[in-house]
Amino acid sequence: MQFAGDAKELRRLLPVILLLAAVTIPCTIFYLSVSPGTTFNSLSKLFPTTQSSWKEELRRVMSAAAMGDEKKTVIITMVNSAWMAPGSIMDLFMESLKIGNGTRELLNHLVVVAMDEKGYVRCMEMHGHCFALTTEGVDFSEQKNYMTADYLKLTWRRIEFLGTVLELGFSYILTDADIMWFRNPLLHFYSDGDIQLSCDSFRDNSENMNNVANTGFHYAKSNNKTINFYKYWYSSKVNYSGYHDQDVLNFIKKDSYTRELGVKIKFLDTINFGGFCEPSKDFNQVCTMHANCCVGLNRKIHDLSLVLDDWRKYMGMSSEERQTQKMFWSVPKECSFAPID
């Protein structure tokens with residue numbers, strides 16, 4: 001009978017089927033365990049993430065990365081897959097921390113917040129502390145041009161997220177990934193500043209509210225004053241429609257409600273925290289170098305590579321040479337606000 005033949009054939013193939021199952025099932029489980037972001041959509045539909053579980057995961061990641069200080073300080077950078085791609089901005093950022101003066105250990109306290117699933121998968125391949133901050137209905141995977149609708153959504157999503165970090169009891173240093181780190185910035189923060197911000201051009205006074213803040217690099221302590229200020233900052237986007245978080249901060253930093261909150265805002269000197277707008281003039285004091293005043297991912301990659309070359313040259317000098325020879329940055333070279341062809 002045909003059924004007898006089928007049964008005999010099945011018995012013959014059974015060892016092969018079992019072997020294939022023994023190989024493919026463990027491999028599949030392993031793949032999912034190291035690449036959770038690749039199945040994020042399907043898993044999220046089966047197991048919706050609640051607000052409480054989202055915060056618990058965030059608390060877990062932040063706790064693992066936090067410094068041992070009483071403020072539980074973490075370093076945060078927020079990127080999408082365009083900046084996380086091999087050879088892109090994130091590789092340069094990580095390299096700066098590795099070759100900086102006493103900065104390598106800070107990698108242990110860095111949390112990379114991926115704004116899309118592909119970026120999260122890439123993060124899991126290269127770093128120990130990753131957090132996925134995907135937003136339903138918004139694709140943050142591609143480079144967002146300055147002041148486009150998606151760019152504005154990204155900046156405000158960032159402020160909302162950072163406010164949550166403060167609410168969970170973590171202080172943080174927020175750094176854009178297009179900022180190269182060469183020294184530990186914590187040594188140059190003010191002890192009395194609740195929020196401390198870099199600026200494109202420094203006006204010689206850390207408390208001068210006419211300094212124009214650049215929120216791409218800033219430090220915030222977790223306390224009631226900063227938590228309430230971040231709620232006010234985020235809610236102010238309604239009154240300043242069409243502006244990004246940095247503009248709105250500069251609008252509200254000295255208004256009556258900010259003064260009422262009692263939050264102490266201070267600005268960081270460009271001699272320590274410079275950028276392409278106003279580079280630090282002293283290699284012996286520079287902590288960070290920001291590719292600001294620059295539009296275009298490829299332009300940033302080109303000029304930041306030169307920045308790393310400049311720093312390697314400086315680190316290769318003797319202590320005496322560092323004190324007697326004046327070093328100059330070789331940038332900006334391609335970076336500018338000129339439209340991209």
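Guide: Happy to. Bear in mind that this is a predicted model. Let's start with a pair of helices: α5 and α11 pack with their axes 10 Å apart, at an angle of about 15°.

Visitor: What makes α5 roughly parallel to α11?

Guide: Angles under 35 degrees count as roughly parallel. The angle here is about 15°, so α5 is roughly parallel to α11. As for handedness, α5 passes α11 in a left-handed crossing.

Visitor: Which residues of α5 and α11 meet?

Guide: From α5 come Ile89, Leu92, Glu95, Ser96 and Ile99. They meet Leu297, Lys300, Ile301, Leu304, Ser305, Leu308, Trp311, Arg312 and Met315 in α11. Sorted by class, the contact of α5 with α11 has nine nonpolar, two polar and three charged residues.

Visitor: How do you know that the length of α11 is close to what is expected?

Guide: Helix α11 covers residues 297-315, which is 19 residues. From its first C-alpha to its last it reaches 27 Å, and the span expected at 1.5 Å a residue is 27 Å as well.

Visitor: Which residues of α11 are buried, and what do they pack against?

Guide: The buried ones are Leu297, Arg299, Lys300, Ile301, Asp303, Leu304, Val307, Leu308, Asp310, Trp311 and Tyr314. They pack against α4 (81-84), α5 (89-99), β5 (179-181), β10 (288-290) and α12 (319-324).

Visitor: Why is Ser88 called buried?

Guide: Buried means under 20% relative accessible area. Ser88 has 4%, so Ser88 is buried. You'll find Ser88 in the loop between α4 and α5. Not counting residues up to four places away in sequence, Ser88 touches Ala82, Trp83, Leu297 and Ile301.

Visitor: And what makes Thr164 buried?

Guide: The cut-off is again under 20%. Thr164 has a relative accessible area of 10%, so Thr164 is buried. Thr164 sits in helix α7, residues 149-167. Leaving aside neighbours within four places in sequence, Thr164 is in contact with Trp54, Lys55 and Leu58.

Visitor: Why is Met126 called partly exposed?

Guide: Under 20% would be buried and over 50% exposed, with partly exposed in between. Met126 has 25%, so Met126 is partly exposed. Met126 belongs to helix α6, residues 117-126.

Visitor: Which residues does Met126 touch, not counting those up to four places away in sequence?

Guide: Those are Met84, Met90, Asp91 and Met94. Take Asp91: Met126 and Asp91 are 35 residues apart along the chain, and their C-alpha atoms are separated by 9.5 Å.

Visitor: Back to helix pairs. How do you know that α8 and α9 are roughly perpendicular?

Guide: The axes of α8 (residues 224-235) and α9 (residues 245-252) come within 10 Å and cross at roughly 115°. Angles of 65 to 115 count as roughly perpendicular, so α8 and α9 are roughly perpendicular to each other. The crossing of α8 past α9 is right-handed. On the α8 side the contact is made by Phe229, Tyr232 and Trp233, and on the α9 side by Asp245, Val248, Leu249 and Ile252. By class, the contact of α8 with α9 has six nonpolar, no polar and one charged residues.

Visitor: What is there to say about phi at Asp204?

Guide: Most residues other than glycine have a negative phi. Asp204 is not glycine, yet its phi is positive, near 70°. Asp204 lies in the loop between β6 (195-199) and β7 (213-220).

Visitor: Why does Asp204 count as exposed?

Guide: Exposed means over 50%. Asp204 has 72% relative accessibility, so Asp204 counts as exposed.

Visitor: What about Cys293: what is its phi, and where is Cys293 found?

Guide: Cys293 has a positive phi of about 50° although it is not a glycine. Cys293 is found in the loop between β10 and α11.

Visitor: Why is the bond from Val331 to Pro332 called cis?

Guide: Omega of that peptide bond is near 0°, and the bond is cis. Pro332 is in the segment after α12. Most peptide bonds are trans.

Visitor: And the whole chain: how many helices and strands are there?

Guide: The protein chain has twelve helices and ten strands. Of its 341 residues, 48% are buried.

Conventions
Residues numbered from 1 in each chain as written. Predicted model: local features only at pLDDT ≥ 70, side-chain atom pairs only at ≥ 80, totals over all residues. Heavy atoms only, no water. Axes fitted to C-alpha atoms, helices over the stretch in contact; angles between N-to-C directions. Helix = DSSP H or I, 4+ residues; strand = E, 2+ residues; numbered from the N terminus. Parallel < 35°, antiparallel > 145°, perpendicular 65-115°, else oblique. Left-handed = near helix turned anticlockwise from the far one by under 90°. Contact = heavy atoms within 4.5 Å. Nonpolar A, V, L, I, M, F, W, Y, C, P; charged D, E, K, R; others polar. Expected span 1.5 Å × (residues − 1). Buried < 20%, exposed > 50% of the residue type's maximum accessible area, 1.4 Å probe, protein only.
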